[in-house]
Amino acid sequence: MDNDVSAGSTTSIVGRLALGITLLAFGLGTTKVIDGVTTADAVSLAHYVGGVALFLVGLLALRDRDTATGTAFAALGALWFTWAVGAGSQVSDNAAGLFLLLFALVALSLALGAGGVLDQATYGLLCVSMLLLAVAGFADSDSPGKVGGWFAVAAGAVAWYAATAVLAKWPTALPRRAAGRGVTAAG
């Protein structure tokens, strides 16, 4: 198995941890799987960890000329900050759905531009989560929102794994098969 653990700068590790924790808290709150825990309970964490810390980590990555990581974390930090500041405000379901749809477009761009499979998975799952949450907002329905919450939980778990794998020297890349291996020639 490929053990590609060199793909983790300090900023990418901290950013993945911040994103992972924020997504786990947000997703679990959205699913309401834990009694008494709702999305509103994730607001402070999303504001400071997902917003401020992630944005600062993005700026540090940009300073280190890590454009992909810097762009991802600065953009997601700004979006989490905006979500947290606006949470609880009286906005229409359509306005909330539009914000989530725009959030999904950013996540889609990040997924398409990500270099590693774990980052692609994190941003791809985040994109699906935000799309489902947008649909829930537009349709004023809880069901797609709960499914979207589970996608956020999955994205958070992948982001957490990506950071922890680098620290613990666990595999961060999928094993590759050599060309022709596993195929036998008929004799």
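Start by selecting helix H2 (residues 43-63) together with H3: the two pack at an angle of about 155°, with their axes 7 Å apart. Here axes are lines fitted to C-alpha atoms over the stretch in contact, and angles run from 0 to 180 degrees between N-to-C directions. H2 is therefore roughly antiparallel to H3 (angles over 145 degrees count as such, and those under 35 as roughly parallel). By class, their contact has 17 nonpolar, 9 polar and no charged residues.

A word on the model: it is predicted, with local features needing pLDDT of at least 70 and side-chain atom pairs counting only at pLDDT 80 or more, while totals for chains, interfaces and linings use all residues. Residues are numbered from 1 along each chain as its sequence is written, and side-chain values use heavy atoms, leaving out hydrogens and water.

Zoom in on the contact (heavy atoms within 4.5 Å): residues of H1 including Gly 15, Leu 19 and Phe 26 meet residues of H3, among them Phe 73, Trp 80 and Trp 83.

Now select Thr 30, still in helix H1. Is Thr 30 buried or exposed? Thr 30 is buried, with a relative accessible area of 8% (buried means under 20%, exposed over 50%, with a 1.4 Å probe and protein chains only). Beyond its neighbours within four places in sequence, show its contacts: Thr 39, Leu 133, Gly 145, Lys 146 and Gly 149.

Note on methods: Helix = DSSP H or I, 4+ residues; strand = E, 2+ residues; numbered from the N terminus. Parallel < 35°, antiparallel > 145°, perpendicular 65-115°, else oblique. Nonpolar A, V, L, I, M, F, W, Y, C, P; charged D, E, K, R; others polar.
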